[in-house]
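Please read the following briefing alongside the sequence and the model. It opens with conventions and then moves through the fold, topic by topic.

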Amino acid sequence: MVFDKNMGDFSTDAILLRKVEYGDHDLIITFLTRDKGKICVMAKNAKKSVRRFSGAMDLFSVNHIQCAFPKKNRDAMINLCQTVLENGFSHIRYDVVNTAYASYWTEIVTQWLEEGKAQPDIFELLYTALEMVDDGFIRTEVISLLFQIRFMRLSGFSPGLDQCDACCTGIEAIDSARLWFDFKAGRVVCPQCKGNMPGSQEPAGPFGGRAQGCWVSKGTLKQLSWINTVEMARADRIKFSPIAIKEGEILLESFIPFHIGRHFNSLNFLYKMRSEI
Ligand SMILES: [Zn+2]
């Protein structure tokens, strides 16, 4: 925690990432806040006090929250004093597939971010992604690609998709429809350099060798690069082919857990939902 506990009470906008029941009446809630990054707070009597905590404090909802640092025991948790619901994103919560995607994004944020370190650009990214899903103009699969690649860039781990990591040839100049994306390096490699690497003789199938990397077509790489840098206001122009969506999902949903170094429960749920569509 990098909080200065002398800074007094505070209020900020916050996205509800996670809530856990504590005893019969209380909740421990993890928020991503605009001003103070990820915080974990105690909501006393949350299950009874409708007046102090408007709305049902649902997952993914955006609230304006008021908090107080503990006065006596300085190691105790921050107290949540009051919340005012700003956006409940009902189109997400009443749709099981949208819920699966939003759960995956919030798990990434919960696992990756350090507590108490303000990252307003990540707050804005998650807020915008949830808003886009709630609006329903862009396919949630595409919003998920946009969220993941931009999250990695803001975290300083942007995947390298523009040139071969070994020979530095730009992907436009590489005479092959597909390139290898290495999960560990987070970079693409052209087929020739890939063939020259020791011990890397995976078949050049479309999704071969998923454990260490995957083959991705150039068109998908170009589209992923584009959504990484395009202004969010222009995101409604994004057009992804079904193949590009599939390849983008395999690349990012493998790269991120590989990079963060853990398994995501929310991804199993997402895979299950996809298989039932
Ligand atoms: Zn190369």
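Axes here are lines fitted to C-alpha atoms, for helices over the stretch in contact, and angles run from 0 to 180 degrees between N-to-C directions. Helices (H or I, at least four residues) and strands (E, at least two) are DSSP runs, numbered from the N terminus. This is a predicted model, in which local features need pLDDT of at least 70 and side-chain atom pairs count only at pLDDT 80 or more, while totals for chains, interfaces and linings use all residues. Residues are numbered from 1 along each chain as its sequence is written, and side-chain values use heavy atoms, with hydrogens and water left out.

**Overall make-up**

- The secondary structure of the chain comes to eight helices and eight strands, and its C-alpha atoms fill a box of roughly 65 × 35 × 35 Å along the principal axes.
- Of the 277 residues in the chain, 49% are buried, where buried means under 20% relative accessible area, exposed over 50% and partly exposed in between (1.4 Å probe, protein chains only).
- Taking contact to mean heavy atoms within 4.5 Å, 66% of the contacts between residues at least 6 apart in sequence join residues at least 24 apart.

**The barrel**

- Five strands close into a barrel in the order β1-β2-β3-β5-β4, with mixed pairing; two strands pair if DSSP finds at least two bridges between them.
- Neighbouring strands of this sheet are turned by 50 degrees against each other on average, with direction ignored.
- β1 and β2 pair in the antiparallel sense over eight bridges, and A14 has T33 in β2 as its bridge partner; the hairpin of these two strands has three residues between them, and G23 there takes a positive phi near 65 degrees.
- Strand β2 (residues 26-33) pairs with strand β3 (residues 37-43) in the antiparallel sense over seven bridges, and a hairpin of three residues joins β2 to β3.
- The pairing of β3 with β5 is parallel and runs over two bridges, with V41 standing opposite I78 in β5.
- β4 and β5 pair in the antiparallel sense over seven bridges, and Q66 stands opposite Q82 in β5.

- Helix α3 (residues 120-135) lies across β1, β2, β4 (62-68) and β5 (78-87), running at about 70 degrees to β1.
- F151 has its place in helix α4 and counts as buried because its relative accessibility is 0%.
- Leaving aside neighbours within four places in sequence, F151 is in contact with I108, V109, W112, L113, I122 and L125.
- F151 and F31 are 120 residues apart in sequence and 17 Å apart in space, C-alpha to C-alpha.

**The α6 and α7 pair**

- Helix α6 (residues 218-229) and helix α7 (residues 242-260) pack at an angle of about 70 degrees, with their axes 9 Å apart.
- α6 and α7 are therefore roughly perpendicular to each other, on a scale where angles under 35 degrees count as roughly parallel, over 145 as roughly antiparallel, 65 to 115 as roughly perpendicular and the rest as oblique.
- On the α6 side T220, L221, Q223 and L224 meet A244, E247, G248, L251 and L252 in α7.

**The zinc site**

- The protein donors of the zinc ion are the SG atoms of C164, C167, C190 and C193, lying 2.3 Å from it; donors are N, O and S atoms within 2.8 Å of the metal (3.2 Å for Na, K and Ca), and water is not among the atoms, so sites may look incomplete.
- In sequence these donor residues are spaced C-x2-C-x22-C-x2-C.
- The four donor atoms subtend angles of 99 to 119 degrees around the zinc ion, which makes the arrangement tetrahedral; four donors count as tetrahedral if all angles lie between 85 and 135 degrees.

Note on methods. Tetrahedral: all angles 85-135°; square planar, octahedral: opposite > 155°, others 65-115°.
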